[in-house]
Amino acid sequence: MRSGLLLLALFVAAPAAQTANVEVQSSQGTSYHLRVTSLKEARFRNTIRQKYDFSCGSAAVATLLTYQYGDPVDEQSAFDVMYAHGDRAKIAKEGFSLLDIKRFLASRGFEADGFELPLDKLGEQGLPAIVLIDERGYHHFVVVKGMKGGRVLVGDPATGTHSMSRGRFEAMWKSRLVFVIHNERERAIFNSPRDWAVAPAAPLSDGIERNGLAPIVMPKRGPGDI
């Protein structure tokens, strides 16, 4: 228990922006060297972080191509191409549009379009998608990486990979549009264990049934009981 607490303390104390090597000592005096990564950084392992306030579109398309289609591209490259061929004044004010993203994908051989589809259909097709969410009035592009157990896994260029309840996601997904690549289905990566690893569901199936403990709890005896 002591070594576990020490590891937790070192993990929390590790710089949030870096992966670090830490030494853990057990109660028997044995030392272990472990490589730990903060949860904040782990969430950006498979999601590309946006560099600018208005660049969630370029970061989202870079995430989609790099981690969901195995076509590595960094955000700056996507940003440069989309900015050079788009309406610069509008981009600077409102950010990239789906049309900017569509043109960039076409330049790399990907055919993509927006469709009004229910989430269930997206899950059935096993296709990752770029969607526009509205979070407290802030319009923001994220990548839908998977769906299971009533939760939606998103790659958010601002906060990284994380899951949320379907209800919460649908409350923010007001347009009901999904922007998907439809000519490279065999390459699509959806519900990847690597993506879910940084957003695991609570292990409810391993929980203890509290109502079932009564038969195995020893009753408290009073004076005169045998």
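Trainee: What average pLDDT does the protein have, and what share of the residues score at least 70?

Mentor: This is a predicted model, and the protein averages a pLDDT of 81, with 71% of the residues scoring at least 70. Over residues 1-17 the pLDDT is below 50, and this stretch has 22 contacts in the model beyond near neighbours in sequence. Residues 204-220 also have a pLDDT below 50, and that stretch has one contact of this kind.

Trainee: How should regions where pLDDT is low be read?

Mentor: Where pLDDT is low, the predicted coordinates should not be read in detail. The stretches 1-17 and 204-220 are to be treated in that way.

Trainee: How many helices and strands are there in the protein?

Mentor: The protein contains nine helices and eight strands. Of its 226 residues, 38% count as buried. Among contacts with a separation of 6 or more, 60% join residues 24 or more positions apart.

Trainee: At what angle do the axes of helix α3 and helix α4 cross?

Mentor: A pair of helices may be described by the angle and distance between their axes. For α3 (residues 56-68) and α4 (residues 75-84), the axes come within 8 Å and cross at roughly 125°. The crossing of α3 past α4 is right-handed.

Trainee: Which residues make the contact of α3 and α4?

Mentor: From α3 come Gly57, Ser58, Ala59, Val61 and Ala62, while α4 contributes Glu75, Ala78, Phe79 and Met82. Sorted by class, this contact has six nonpolar, two polar and one charged residues.

Trainee: How is α4 placed against helix α6?

Mentor: Helix α6 covers residues 98-107, and α4 packs with it at an angle of about 110°, the axes being 10 Å apart. Angles of 65 to 115 degrees count as roughly perpendicular, so α4 is roughly perpendicular to α6. Ser77, Ala78, Val81 and Met82 of α4 meet Asp100, Ile101 and Phe104 of α6. The classes here are five nonpolar, one polar and one charged residues.

Trainee: Is Ala112 buried or exposed?

Mentor: A residue under 20% relative accessible area is buried. Ala112 has 2% relative accessibility and therefore counts as buried. This residue lies in strand β3, which covers residues 112-116.

Trainee: Which residues are in contact with Ala112, leaving aside its neighbours within four places in sequence?

Mentor: Ala112 is in contact with Lys102, Leu105, Phe179, Val180, Ile181 and His182. Phe179 is 67 residues away from Ala112 along the chain, yet their C-alpha atoms are separated by 6.8 Å.

Trainee: Where is Asn191 found, and what is its phi?

Mentor: Asn191 is in the loop between β8 (177-181) and α9 (193-196). Although not a glycine, Asn191 has a positive phi of about 60°. With a relative accessible area of 27%, Asn191 is partly exposed.

How values were computed. Residues are numbered from 1 along each chain as its sequence is written. This is a predicted model: local features need pLDDT of at least 70, side-chain atom pairs count only at pLDDT 80 or more; totals for chains, interfaces and linings use all residues. Side-chain values use heavy atoms; hydrogens and water are left out. Helices (H or I, at least four residues) and strands (E, at least two) are DSSP runs, numbered from the N terminus. Buried means under 20% relative accessible area, exposed over 50%, partly exposed in between (1.4 Å probe, protein chains only). Contact means heavy atoms within 4.5 Å. Axes are lines fitted to C-alpha atoms, for helices over the stretch in contact, and angles run from 0 to 180 degrees between N-to-C directions. A crossing is left-handed if the near helix is turned anticlockwise from the far one by less than a right angle, and right-handed if clockwise. Ala, Val, Leu, Ile, Met, Phe, Trp, Tyr, Cys and Pro count as nonpolar, Asp, Glu, Lys and Arg as charged, and the others, Gly among them, as polar. pLDDT is the predictor's confidence in each residue, from 0 to 100. Angles under 35 degrees count as roughly parallel, over 145 as roughly antiparallel, 65 to 115 as roughly perpendicular and the rest as oblique.
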